[in-house]
Amino acid sequence: MGISRRNFFYNTVAATAVGLTATRAKANVCTMPTAERQASLTPQGVVDELMAGNARFVSGNMVNCDLAAQIRLTSEGQHPIAAIVGCIDSRVPPELVFDQNIGDIFTARVAGNFVNTDIIGSLEFACFVSGAKSIVVLGHTECGAVKGAVDQVELGNLTATLKNIEPAVAAAGPVAVRSSSDGEFVQRVADKNVAIAVQNILNSSEVLSGMVEAGELAIVGAMHDISTGKVTLM
């Protein structure tokens, strides 16, 4: 008996739906933060994992993991794959942006995502001691700390904090009028700020630069677009 045009259409749609569901299910397998997973990844492989996670975040297809199981698994030890240096901005939580879970990443956050001795020391612990294979310095668009640095805001201890972004302001200039109302200039400063942080890590840590030279660690800069959620490597 022949197949009607309507039945052919419905059968095709059903088959496509099943295929998409299977593909999504395959992509949505929750990976646990084990020593085996950490050991199996190369530094570039870790960066690829993070970017794949961001693609899931942007598409709304994030992995649903058993967090209670991850708590139990990590209670006696941790094996993160990456360390993220990010801004304290409430719109840029690294675990969500990269679709990672408990035990997956170390996170150091400070207004303006710059690095200092304390943060670099923490990164040495994360990578040399605990085995993380990638460091991502994550800046973001419309950064309030960057805008404050551009405008030379003074407010209590924040004054000293924003001084850490001043090298990026200088590197992004010169401009006729130094103002956060100049969105293009603000973004140039944000980009320079990430690049400077990456270089400062390499310049200030023989431990981490040695790991990079040995092929044991990748250090990259990235920019998060708060309007889309997309992260772009720099």
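1. K147 is partly exposed in this predicted model, with a relative accessible area of 26%. The side chain of K147 forms a salt bridge with that of E142, at 2.7 Å from N to O. E142 is also partly exposed, at 44% relative accessibility.

2. The whole structure contains seven salt bridges. Another of them joins R37 and E49, whose closest N and O atoms are 3.1 Å apart. R37 belongs to helix α2 (residues 35-40) and E49 to helix α3 (residues 43-59), and the two residues are twelve apart in the chain. R37 is buried, with 12% relative accessible area, whereas E49 is partly exposed at 28%. A network of salt bridges links R37, E49 and D104.

3. D99 and R56 form a salt bridge through their side chains, with an N to O distance of 2.6 Å. D99 sits in the loop between α5 (94-97) and β2 (105-109) and R56 in helix α3, so this pair ties together parts 43 residues apart in sequence. Both fall under the 20% cut-off for buried residues: D99 has a relative accessibility of 4% and R56 has 19%.

4. The largest nonpolar core comprises 40 residues, and I135, V189, I201 and L208 have the most contacts inside it. Helix α10 (residues 183-204) contributes the most, with eight residues. Leaving aside residues up to four places away in sequence, L208 touches I120, L123, E124, C127, I135, I201 and L217.

Notes. Residues numbered from 1 in each chain as written. Predicted model: local features only at pLDDT ≥ 70, side-chain atom pairs only at ≥ 80, totals over all residues. Heavy atoms only, no water. Core = buried A, V, L, I, M, F, W, Y, C linked by side-chain atoms within 4.5 Å. Buried < 20%, exposed > 50% of the residue type's maximum accessible area, 1.4 Å probe, protein only. Helix = DSSP H or I, 4+ residues; strand = E, 2+ residues; numbered from the N terminus. Contact = heavy atoms within 4.5 Å. Salt bridge = Lys/Arg side-chain N within 4 Å of Asp/Glu carboxyl O.
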